[in-house]
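Visitor: I'm new to this one. Can you show it to me and walk me through a few spots?

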Amino acid sequence: MKTSTGVASSLLLRLDGRSPTPLHEQLFEGIRARILAGALAPGLRLPSSRQLATELDVARSTVLQALDALTAEGYLVARAGSCTRVAPELPLLAGDRSLAPRGLRKRGLPAANEGPRLAPGGVSGPSLTAASRAPRSGAPERTASRGPRLAASVRRLKPASLGAPRLGAAPRAFRPGVPALDLFPTALWARTVSRVHARASTGLLDGGDPSGHAPLREAISTHVSVSRGVRCSPEQVFITAGTQQAFDEVLRLALNPGDSVWVEDPGYPGVRRAVLSAGGRPVPIPVDGDGLDVAVGLARAPRARVALVAPSHQYPLGVTLSLARRMALLQWAGRTRSLIIEDDYDSEFRHRGRPLTALQGLDDAGCVVYVGTFSKSMFPGLRLGFLVVPPSLVDLFSAARAAGSAPASMMEQAALAVFLAEGHFARHLRRMRAAYRERGEALLDALNSECAGALAPRPCDTGMQLCASLAAPLSDLRVRDEAARLGVEVAALSDYFLGRRRDAGLVFGFGGVRPDALREGTRTLARALEAAR
């Protein structure tokens, strides 16, 4: 790819001060669109922030906010005391409309430019209904063949690989996956639920739309469009009973027995269980500092039916999928007409700056299904999540849902719709970002002071957990067990590998624990490290 050494005298952008979209967001989107379209060539030097502020008649802070966000996502490269340039390595993708996702042919999933391939003579057909709900007596062969295979696969997973040990009901250092329950506005949520119950309509009492409560779908569409850069309408949103049910639903529609699925390695154990439950074959793809290694995926399973990734904040390593690999992943999916499931479980909690744009926001071929959850952003007992499906798959998912029932309580859905529409959820997110930044920094400081030499924590700028490499010859399994004996919960990194275990490390959750308890837990962990020697 040729790179430019020139200077852009002007970006030829116009901002609309009357638009509800903030000026820095307009500038971010404008520059990004011109980069992806090739109008701003790789390596091109941008005008200075002062020059851009003068040209656009905005505050310099507005320009700096947009440029910082573009740099964080990999579109720009900035060096202290020097100029800002377009990143030198940007794979070409935007505008290539010939890339269309492969219709998952045996199940009738359509390409982006096609309508749903439904069974002849009916709205859904036997294969669709069987795939979209729990096993029935009408499909004994499929259930019988899958059950033993799933049971055997689960038996091969050690109990420890299903998560950190639970030493009690109350969150403690360093239980992964627990949000700041001590900071959740419980009284406000209770009043919202009570108000919804008092005004419940017949439709809510009757169970409502199987696709989800319409006001909640609309509120989610607005929220993810603004906060995550997801491009969708309310009709593309489907409510689920959490992330795991979302994975199960998509995979059961997408996969035929034996189909290959790229899964991150190390990665979230629930992903591999969902793939096995749907009859698929999980193919472990290594994750490094740039995220999922797409080149390895192409070598191991070039015709995989699905790739399941967490591009904005990978679990458990906490890395971000680089822009080059995001583009490569989208190119692969468009070329092979495969499906990408984007797990966006906690990336709204970016500690500084704006959250990174979702992979779905870069998808022009209609191959990304976006998965979100409120269990991590609010509280685990709220079993509510959602899917955002490509426009071409809306009819298919609607038909699948019509064959079943609503995935979650309509009363809770209605209460959450009010919570979002009245701005309570957005305020809660802002508060949590500050709290998780404080707690993450407290844990990093404690690990660096109490466990120096034994642990090397990775930087953490998003979410509620971090990962630390363990110095040889310590065993992370033994450290985990010693920590549990002393009353501290910590997960062993080696338990998250599906393929060959490469690195020893520990996974720490800090979201649900106050800074003083994190520091005390770190002192206990230091004793566990010493005992494990």
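Guide: Start at Asp 57, in the loop between helix H2 (49-56) and helix H3 (60-72). Helices (H or I, at least four residues) and strands (E, at least two) are DSSP runs, numbered from the N terminus. The model is predicted: local features need pLDDT of at least 70, side-chain atom pairs count only at pLDDT 80 or more, and totals for chains, interfaces and linings use all residues. Residues are numbered from 1 along each chain as its sequence is written, and side-chain values use heavy atoms, with hydrogens and water left out.

Visitor: What phi does Asp 57 have, positive or negative?

Guide: Positive, about 60 degrees, although Asp 57 is not a glycine. Most residues other than glycine have a negative phi.

Visitor: At what angle do the axes of H2 and H3 cross?

Guide: Roughly 120 degrees, and the axes come within 8 Å. Axes are lines fitted to C-alpha atoms, for helices over the stretch in contact, and angles run from 0 to 180 degrees between N-to-C directions. H2 and H3 are therefore oblique to each other. Under 35 degrees counts as roughly parallel, over 145 as roughly antiparallel, 65 to 115 as roughly perpendicular, and the rest as oblique.

Visitor: Is the crossing of H2 and H3 left-handed or right-handed?

Guide: Right-handed. In a right-handed crossing the near helix is turned clockwise from the far one by less than a right angle; anticlockwise is left-handed.

Visitor: Which residues make the contact?

Guide: Ser 49, Arg 50, Leu 52 and Ala 53 come from H2, and Arg 60, Val 63, Leu 64 and Leu 67 from H3. Contact means heavy atoms within 4.5 Å. By class, five are nonpolar, one is polar and two are charged. Ala, Val, Leu, Ile, Met, Phe, Trp, Tyr, Cys and Pro count as nonpolar, Asp, Glu, Lys and Arg as charged, and the others, Gly among them, as polar.

Visitor: New topic. How much space lies in the largest pocket?

Guide: About 820 Å³. Of its 31 lining residues, Thr 222, His 223, Ser 225, Val 226 and Ser 227 are the closest to the centre. A pocket, on a 1 Å grid over the protein atoms alone, is an open set of points with protein on both sides within 12 Å along at least five of seven lines; a cavity is a set where a 1.4 Å probe fits but cannot get out; lining residues have an atom within 4 Å of a point. Points are joined across faces, edges and corners, and the volume is the space filled by probe spheres set on them.

Visitor: Which elements give two or more residues to that pocket's lining?

Guide: Helices H1 (23-36), H8 (214-228), H14 (410-421) and H15 (424-450). H8 gives the largest share, seven residues. The lining has 13 nonpolar, 11 polar and seven charged residues.

Visitor: And how many cavities of 30 Å³ or more does the structure hold?

Guide: Six. The largest cavity has a volume of about 120 Å³. It has 16 lining residues, with Asp 344, Glu 348, Gly 372, Thr 373 and Phe 386 nearest its centre. H8 and strand E9 (368-373) each give two or more residues to that lining. Its classes are seven nonpolar, five polar and four charged.

Visitor: Back to H14. How does it cross H6?

Guide: The axes of H6 (residues 186-198) and H14 come within 9 Å and cross at roughly 120 degrees. That makes H6 oblique to H14. The crossing is right-handed. Trp 189 and Arg 195 of H6 are among the contact residues, as are Glu 412 and Phe 419 of H14. The contact divides into 10 nonpolar, two polar and two charged residues.

Visitor: What kind of peptide bond joins Tyr 315 and Pro 316?

Guide: A cis one, with omega about 15 degrees. Pro 316 is in the loop between strand E7 (306-309) and helix H12 (323-336). Most peptide bonds are trans. The bond from Ala 472 to Pro 473 is also cis, with omega near 5 degrees.

Visitor: Where does Pro 473 lie?

Guide: In the loop between strand E12 (465-470) and helix H16 (476-485).
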